[in-house]
Amino acid sequence: MSAKYPFSMWVYNPLSDFPPEELESWAECGMTAPLAPKTYYGKDDPKTLIPYLDKAEELGMQLIVNYEDFAYQNIDRIGDDAYEAKFREVYEVLKGHPALYGFYAGDEPNRRRDFDQTRRCIAIQN
């Protein structure tokens with residue numbers, strides 16, 4: 001097979017649990033677009049993700065950035081404007097990196113409210 005396609009896994013561990021070299025084992029498993037280890041706005045500087053993105057690029061992978069604050073469950077708590085401001089701050093640091101696949105907006109929105117929150121998050125991220 002010559003073409004790669006998105007093959008992912010959810011990694012809910014914090015960034016501190018995995019050094020960038022851990023991505024080598026993920027690549028060995030065939031991952032092409034896994035969720036990056038969880039980061040926290042105000043605690044983890046977005047620049048700390050750059051070595052992970054660099055390693056992913058080296059391995060032919062891309063990462064879905066998982067900032068806990070960007071999950072749909074938080075948008076009502078902080079409001080759309082604050083969500084957008086936080087997202088833009090992180091995006092400005094990471095945008096343009098070839099290994100940036102996207103941003104995590106939450107998991108399994110199975111209620112109408114969850115779906116509406118997810119839709120708002122994705123609209124802001126777009």
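Predicted model: local features only at pLDDT ≥ 70, side-chain atom pairs only at ≥ 80, totals over all residues.
Local features here need pLDDT of at least 70, side-chain atom pairs count only at pLDDT 80 or more, and totals for chains, interfaces and linings use all residues. Residues are numbered from 1 along each chain as its sequence is written, and side-chain values use heavy atoms, with hydrogens and water left out.

Aromatics to begin with. Searching the whole structure gives ten aromatic pairs. Rings of Phe, Tyr and Trp (its six-membered ring) pair if their centres lie within 6.5 Å; planes under 30 degrees apart are stacked, over 60 edge-to-face, the rest tilted. One of the ten joins Trp10 and Tyr104, edge-to-face, at 5.4 Å centre to centre with 70° between the planes. Trp10 sits in the segment before helix 1 (23-28) and Tyr104 in the loop between strand 2 (100-103) and helix 5 (112-125), so the pair ties together parts 94 residues apart in sequence. Helices (H or I, at least four residues) and strands (E, at least two) are DSSP runs, numbered from the N terminus.

Tyr104 is buried, at 8% relative accessibility, while Trp10 is partly exposed at 44%. Buried means under 20% relative accessible area, exposed over 50%, partly exposed in between (1.4 Å probe, protein chains only).

There is also an aromatic cluster, formed by Tyr67, Phe70, Tyr83, Phe87, Tyr91 and Phe103.

Now the leucine. Leu23 belongs to helix 1 and is buried, at 0% relative accessible area. Beyond its neighbours within four places in sequence, its contacts (heavy atoms within 4.5 Å) are Tyr52, Lys55, Ala56, Leu59, Met61 and Leu63. Leu59 is 36 residues from Leu23 in sequence and 8.1 Å away, C-alpha to C-alpha.
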